[in-house]
Amino acid sequence: MKIPVFRLYACCIPVRGARRSTICDLQRQTYHLIPNGLYDILTRFCDYSLEEIKGNFDSFEHEVIEEYFDFLLKNELGFWCDDPSCFPAINLDWETPERITNAIIDTGPESNHDYSAIFNQLDDLGCQALLMRWFCFISLDKLDSILTFARSGRLRSVELIVPYGEGWEDSAVETLCRSHRRITSIWLHTAPRTRSVRMLSGTVPLVWRTQVVTSEMHCGEVHPAYFVVNIHSFAESQKFNSCLNHKISVDQRGEIRNCPAMDQSFGNIRDTSLQNAVVRRDFQEVWKVNKDQIEICKDCEFRYICTDCRALICDPLDRYSKPSKCTYDPYRAVWS
């Protein structure tokens, strides 16, 4: 008779940090903090029975070990099984047929974008997700006409960051969302107060924030509220940058960059196509700067669910420097 061994569900993946670890539940899209001692048991003794695991520890630690497994079972993170070979690990390979998966278009007071041309080029690249940011007021009517260019094509989602102003009442925003079903969220900055509601019967979040956003430098913040826990982003983060992989942007001056806040330009949209920028080797170099390469981040238990920033970093001369707006210390496990 086979002796049962413990297996985490394939979608529940442990990640070790310097001070503590996490179990990322990619199906429920959440994570659990665990001691490094439990991580070691789950990885070093994964083919051991409970009694065999206890045999590798002093007797005073046995009660803690039993509490560990009670925690895992209570939170439905794993199970005891007789034949672990029937439960292989999940495949974390990541690939995409699209040359570009996501993009940013910034607009400022002096911008003169040809939105129709930009949308057509993004569609040719296979772009599916778009973030549009305005640093100056735009009327709902003007925005409605711009979004008309996104009604067809491969785009699946359009996120909007827009300054609050006259005409942005909830009823008008609701009408905009009904006209453009690719809108997935709206964030109104420079608002008179903070509030959150949902449009289209709760499917599109509308967020008001008093923060004033005047440029692309209002970006790169690292916070648990922005963690993304799902199989797609977790797999992508294994080998690629969690922010810049397969991304392209057009800043408010029309410069084509990996990110609007980064220094290097690959030409201006007025005389350079997005396609010509994407195929450049130096454009794609940053795509493969993953969290296992970045100083301090590589020792963090959140590294595969956190969105990286390569534009605003602690040491501008070191491409592997930690994001400057991250206040987490994985060696003490505290946010400052």
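Reader: Where is the place of E301?

Author: A word first: this is a predicted model, where local features need pLDDT of at least 70 and side-chain atom pairs count only at pLDDT 80 or more, while totals for chains, interfaces and linings use all residues. Residues are numbered from 1 along each chain as its sequence is written, and side-chain values use heavy atoms, leaving out hydrogens and water. Helices (H or I, at least four residues) and strands (E, at least two) are DSSP runs, numbered from the N terminus. On that count, E301 sits in the loop between α9 (281-284) and β14 (328-329).

Reader: Is E301 buried or exposed?

Author: Buried means under 20% relative accessible area, exposed over 50%, and partly exposed in between (1.4 Å probe, protein chains only). E301 has a relative accessible area of 1%, so it counts as buried.

Reader: Which side chain joins that of E301 in a polar contact of 2.4 Å?

Author: A polar contact is a pair of N or O atoms within 3.5 Å; within protein, one must be able to donate a hydrogen and the other to accept it, and residues adjacent in sequence count only if both atoms are side-chain atoms. The E301 side chain makes one with the side chain of R20, at 2.7 Å. The polar contact of 2.4 Å is with the side chain of Y328.

Reader: How many residues does the largest nonpolar core have?

Author: A nonpolar core is a set of buried Ala, Val, Leu, Ile, Met, Phe, Trp, Tyr and Cys residues joined through side-chain atoms within 4.5 Å. L122 and W134 are among those with the most contacts inside the largest one, and its size is 54 residues.
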